[in-house]
Amino acid sequence: MRAFIVDRYGKSDNALRAGDVPEPEVGEHDVLVQIHAAGVNALDVKIRDGEFKLVLPYCPPFVLGNDVAGVVIRVGGSVRRFQPGDEVYARPDKDRIGTFAERISISESDLALKPERLTMEEAAAIPLVGLTAWQALVEIAGLREGQKVFIQAGAGGVGTFAIQLAKHLGATVATTTSAANADLVRRLGADVVIDYREDDFETVLRDYDVVLHSLDDETLRKSLRVLKPGGKLVSISGPPDAAFARELGRPWFLRPVMWVLSHGVRKAARRRQISYSFLFMRANGKQVGEITSLIDAGVITPVVDRIFPFESTNEALAYVQTGRAKGKVVVKVR
């Protein structure tokens, strides 16, 4: 089958190779999916460039891609929730990525039925960013009605989903974006919109309960200062902590490395009586099912910037890398 393959780690000039790879193996608890569309994420760029090879040691050559929507072709002998012909979507487990391909085998536990009201391309835009927002705001932060949350980069993939989820939970939402995207984030539900080119969010925001951090280290330090005592800072861009190494099940010696990397921010957070958590989103079909219910109820609407044909997967990655995409970028495979 055709796929886009990482032959070696490298920076942005390292294009994926289009080629043929063996058909996926289907285990007892696996579902073979004919891929119709695949979401493209900043994570894909970082994996391709080798930024995660210490903690996610994929062995080249491997197929890239972390979001999928498609149709079930075949199921393993112990699979009970899905059958051939079902329209499904998922973020495959971190050890089983490979959605820039014609087919993929996914664990039943990572899969969910596709929202009925979405096209395949719209559905493929959801799993990774939806799970990231859900695990950050619901699972870790416990965001609830009446609280205030600051979601950075509101026009991005995670931001566009997280704003809608936070409003559904009853929170007041602040976000940063460019002036060109201000109307977009307001339509999604943002109450406070800060033009990052003109204003410093640190001078505008005070006594927030939760920050969802997705930018650089300077923004991380400023984020601590907008939270009130007892507030929660959840970062999806680092630094990672020892709990992250434990979750990954990586060698013990990585734990002190992660501890050192996050020592400064954890110390600064403790001084302000704030909790710091690093989130590397994990696959979870049950949570994707919860997200499906919100989408089918009209609570969440995906924001898709551009759809590229399968043969232009490298161009889609290059566009994501510019940082200018509004919402998600998707590759149409079938």
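The model on screen is a predicted one.

Next, colour strand E4 (62-63) and strand E7 (103-107), the elements that give two or more residues to the lining of the second largest pocket. Strand E7 supplies the largest share of that lining, with three residues. Now colour the lining of the second largest pocket by class: 13 residues are nonpolar, two are polar and five are charged.

Rolling a probe the size of a water molecule over the atoms shows where empty space is left. How many cavities of 30 Å³ or more does a search of the whole structure find? The search finds one. The largest cavity contains about 60 Å³ of space.

- Ala 125, Ile 126 and Val 129 are part of the lining.
- Gly 157, Thr 160, Phe 161 and Gln 164 also line the cavity.
- Ile 300, Thr 301, Pro 302, Val 303 and Lys 328 complete the lining.

Then highlight helix H4 (residues 157-168), from which the largest share of the lining of the largest cavity comes, four residues. Colour the lining of the largest cavity by class to finish: seven residues are nonpolar, four are polar and one is charged.

Technical notes:
Residues numbered from 1 in each chain as written. Predicted model: local features only at pLDDT ≥ 70, side-chain atom pairs only at ≥ 80, totals over all residues. Heavy atoms only, no water. Nonpolar A, V, L, I, M, F, W, Y, C, P; charged D, E, K, R; others polar. 1 Å grid on protein atoms, 1.4 Å probe; cavity = no way out; pocket = protein on both sides within 12 Å on 5 of 7 lines; lining within 4 Å. Points joined across faces, edges and corners; volume = space filled by probe spheres on them.
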